[in-house]
Amino acid sequence: MPFANMIIIDLLLLLACAAVVLRLDARQRRVDRQVAIALPTSAVAHGLPSLRRQQAQSRWQFVHRLFGYDPGTVYRVRVEYVFVVGLIIALAIGYAGSYLDFPVSYGIIAGFVVAVFVVRGIFGWQQSQFRNRLFKQIPDVIELVTSTVRAGLPVYGAFQTVARDMPEPTAGQFAIVCNEMAFGGAPEEALEGIYHRSRVAEYGMFAVTIAVQMRSGGGLAETLQTLGETVRQRVGLAGRARALAGEVIFSAKALSAAPFVVSGLLYLINPEMIDKLFYDPTGRILLAYAVTSVVMGIFVIRWMIQRETKI
């Protein structure tokens, strides 16, 4: 098949995917508007994952694990757009493989693998941002709950105050907690649901504290105050750890960008040397191995930094 025909077919596929994504997005927005009109009190939980939808999607666990998708996370970038980006990356890798005269099977495999890593990276970045925002806001949550309990309101009233006054994503998560408690769920179980959705360990500690105090009795406000101080220290420690790792993060970014900067400078100085990587068969193989090595090195460096700065 001529290369021009392949380009036309791929462009038609991209246009079809874009049309499907826009249609799904328009339908979802229409449903959201109808729900907002019918249930105006649920506006605080707008855009949050449906628990029934999470249970219905359990059959797709293998696909979720493959692409790193977590149904319990609130994503800023819509899932359809993320997969469109992955498709574009896969097509770009396929074009690069055909340009470098690699076998078609190699281009398909490489495009699929790179697209999976890109989609996983985008989902992982959004999940990390979601957890970091929850983690930074939890000291204020505990302080607000403590003040509300001391004022004489029950735990359910304190959680309603958090859902009303705290910013996102904490407000949305506590809106889910209030809905579960309104249907008869226990406060500690509802809080434990936040822990399972976000994997923020402090919410597990919060749930255990509520459970112990409600079963054993005693002053809940004093216990929550102690927990709040401990959590605030953990948040401060995490911030100091990231600050101390700032030099390492900058060095990692510099090392990741160095091959591309050096290649650009060499091309300006001696273009014939770089052209051999694109036009010579041996140079194309070396270029493919070099790009693969650099990308793998970037992933390894990011994994090491995240492991060392994790609290």
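Helices are DSSP runs (H or I, at least four residues), numbered from the N terminus. This is a predicted model, where local features need pLDDT of at least 70 and side-chain atom pairs count only at pLDDT 80 or more. Residues are numbered from 1 along each chain as its sequence is written.

**Exercise 1.** Where is P169, and what is the peptide bond from E168 to P169?

*Solution.* Locate the residue. P169 sits in the loop between helix 6 (155–165) and helix 7 (170–182). Then read omega. It is near 5°, and the E168 to P169 bond is cis.

**Exercise 2.** State how helix 5 and helix 9 pack.

*Solution.* Take the geometry. Helix 5 (residues 104–150) and helix 9 (residues 201–216) pack at about 20°, with axes 10 Å apart. Axes are lines fitted to C-alpha atoms over the stretch in contact, with angles from 0 to 180 degrees between N-to-C directions. Classify. Helix 5 is therefore roughly parallel to helix 9 (angles under 35 degrees). List the contact (heavy atoms within 4.5 Å). Helix 5 gives L134, F135, I138, V141, I142 and V145; helix 9 gives E202, Y203 and F206.

**Exercise 3.** Classify the angle between helix 5 and helix 6.

*Solution.* Start with the axes. They come within 9 Å and cross at roughly 135°. Next, the residues. V141, L144, V145, T148 and V149 of helix 5 meet G157, A158, F159, T161, V162 and D165 of helix 6.

**Exercise 4.** Describe R199.

*Solution.* R199 is exposed, at 54% relative accessible area (exposed means over 50%, with a 1.4 Å probe and protein chains only).

Conventions
Side-chain values use heavy atoms; hydrogens and water are left out. Helices (H or I, at least four residues) and strands (E, at least two) are DSSP runs, numbered from the N terminus. Angles under 35 degrees count as roughly parallel, over 145 as roughly antiparallel, 65 to 115 as roughly perpendicular and the rest as oblique. Buried means under 20% relative accessible area, exposed over 50%, partly exposed in between (1.4 Å probe, protein chains only).
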